[in-house]
Amino acid sequence: MKDRPWLTRPFMAAALALTILFVVLLAAVIRLAVNESRLAGEPAEGVIWFSSQGQYEAMRLADTVLMFEADRVSRDEVALRFDLLDSRIRLFEEGSMTERVTSMGYQDEIAVVRSLVERQRQPLATLQANDTAAVSSLHYDAQTISHIMRDFANAGMLDGRERQEIVRNNRRQILLEILGYLLATLAAGVVVAIIVVRGYRSIAQAEAALAHEKEVSRLHRAFTSVVSHQFRTPLSIIDASSQRMLRRGAAMSVDEMTTRVTKIRNACQRLTRLMESTLNAARLEQGEITFHSRPCDLHVLIASICDNQPEDDQSRIRRSLERLPRWAMADVTLLEHALQNLVSNALKYSPADAPVTIRGWLRGSDLVISVEDLGVGIPADEIDFISERFFRARTAEGIPGTGIGLNFVSQIVKLHSGRLDVESEQGKGSTFTLIFPYKPAQRLAAAAQPAD
Ligand code: ADP
């Protein structure tokens with residue numbers, strides 16, 4: 001069944017219909033052939049020919065009898081004509097003509113012809129030219145036979161025409177039927193083909209969906225193990241620093257304490273970020289992220305994102321925002337999340353001393369904000385998957401992460417009716433660009449003023 005997904009009830013019905021139509025079509029073609037052969041073997045022509053021959057011989061006999069009476073020919077000549085007529089009539093009787101003429105309603109006439117011939121056979125042997133009665137009788141009978149034969153020929157002609165008409169009508173009828181059956185066969189064939197193609201297409205779709213499901217669940221498993229591992233690292237830092245502080249107690253110098261507490265704080269921040277991205281993933285999944293557009297000071301937003309980065313990294317960030325409008329309508333919280341993600345990724349996936357540049361400008365009616373780094377980059381064959389949830393590129397190996405952030409960024413930019421562009425070269429760096437329609441806004445204070 002799996003190999004033949006089209007083997008369904010509708011398919012069986014259509015295939016059965018196709019088979020029946022094919023048989024009916026074949027039967028119609030055979031009927032047509034039979035009908036045509038009836039025309040080819042038309043015996044009416046035989047009737048006409050044999051009757052004409054008979055009529056001709058009968059007329060010749062009648063003429064010869066008259067010439068015999070006038071002493072212009074011998075009795076042998078009359079006998080010869082008589083025999084010729086007899087043989088013609090015999091031929092007529094032996095072939096299928098008698099049957100045919102009988103079917104035309106002339107069975108009595110055939111018997112009459114035979115009896116006329118037989119009646120004259122005896123007298124002919126001793127026929128004398130001066131025996132007027134016998135000569136007249138022979139002449140009369142020959143003429144009668146000639147008339148009967150002419151009637152046969154005429155009837156054969158009419159009958160032939162009638163039959164031809166019937167054959168022609170039959171042909172038209174059968175051809176129409178064949179055309180109908182052909183169309184129906186074609187329609188059934190199309191239905192069968194559609195069912196088969198659909199069957200294969202649906203199985204291909206199901207297989208693709210299954211493969212996708214498998215991939216998502218594989219990535220999910222990888223995500224779970226990465227997250228649990230990444231929770232463990234800051235927790236063990238916190239644990240180790242606390243233990244050390246406990247053990248050292250009052251003997252601990254202020255500098256040492258500051259170092260330990262800073263370590264604990266950094267680990268806590270890392271945990272918070274991890275929690276946030278995990279929660280965002282869950283919220284996204286449950287459709288809990290909603291979009292609220294309001295006036296947003298883009299310059300302030302970007303400055304605060306830079307300030308939120310680890311102190312060591314802040315000096316690496318360059319800003320080129322001269323062409324970026326200050327105010328625009330956007331969901332401030334979501335946009336901050338998105339940019340925060342792009343900036344921290346740029347810092348994370350590039351060397352500790354490499355610069356990261358944030359640029360902003362207007363392109364046509366779009367607002368464009370890009371984050372560029374000179375880091376590990378993304379392999380060309382993985383760029384298309386980079387926004388998929390839990391997906392991590394090969395170049396991210398050994399660098400902490402969950403594979404959730406970019407998916408969240410792309411959802412956010414979609415909520416802003418925009419898109420996320422990625423340009424990257426492995427080993428050289430990446431540029432992530434947010435592009436969304438620019439909706440100008442008044443400064444927040446003015447916008448927030450209540451309407452009169
Ligand atoms: P992660 O928590 O793993 O950083 P993201 O969803 O933010 O997850 O990013 C997904 C993947 O995209 C990363 O694992 C990494 O492979 C790749 N990536 C994201 N940003 C960069 C960047 N600036 N440079 C190189 N690779 C990046």
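**Contacts, burial and ring pairs**

Me: Which residues does Q55 touch, not counting residues up to four places away in sequence?

Reply: Q55 touches S146, M149 and R150. Contact here means heavy atoms within 4.5 Å. This is a predicted model, in which local features need pLDDT of at least 70 and side-chain atom pairs count only at pLDDT 80 or more, while totals for chains, interfaces and linings use all residues. Residues are numbered from 1 along each chain as its sequence is written, and side-chain values use heavy atoms, with hydrogens and water left out.

Me: What makes N35 buried or exposed?

Reply: The relative accessibility of N35 is 3%, so N35 counts as buried. N35 is in helix 1 (residues 9-40). Beyond residues up to four places away in sequence, N35 touches V167, N170, R171 and I174.

Me: How do you know that the side chain of N35 reaches the backbone oxygen of V167?

Reply: The distance is 3.0 Å. A polar contact is a pair of N or O atoms within 3.5 Å; within protein, one must be able to donate a hydrogen and the other to accept it, and residues adjacent in sequence count only if both atoms are side-chain atoms. The 3.0 Å of this pair is within 3.5 Å, so the pair meets the distance limit.

Me: Why is the pair of F92 and F152 called stacked?

Reply: Their ring centres are 5.5 Å apart and the planes 10° apart. Rings of Phe, Tyr and Trp (its six-membered ring) pair if the centres lie within 6.5 Å; planes under 30 degrees apart count as stacked, over 60 as edge-to-face and the rest as tilted. With 10° under 30 degrees, the pair is therefore stacked. F92 lies in helix 3 (residues 75-94) and F152 in helix 6 (residues 132-248), so the pair ties together parts 60 residues apart in sequence. F92, at 2% relative accessibility, counts as buried, and so does F152, at 1%. F92, Y106 and F152 form one aromatic cluster.

Me: What makes W49 and F50 an edge-to-face pair?

Reply: The angle between their planes is 90°, with 5.0 Å centre to centre. Since 90° is over 60, the pair counts as edge-to-face.

Me: How do you know that helix 11 is largely enclosed by the rest of the structure?

Reply: Eight of its eleven residues are buried, so helix 11 is largely enclosed. The buried residues are G405, L406, N407, F408, V409, S410, I412 and V413.

Methods:
Helix = DSSP H or I, 4+ residues; strand = E, 2+ residues; numbered from the N terminus. Buried < 20%, exposed > 50% of the residue type's maximum accessible area, 1.4 Å probe, protein only.
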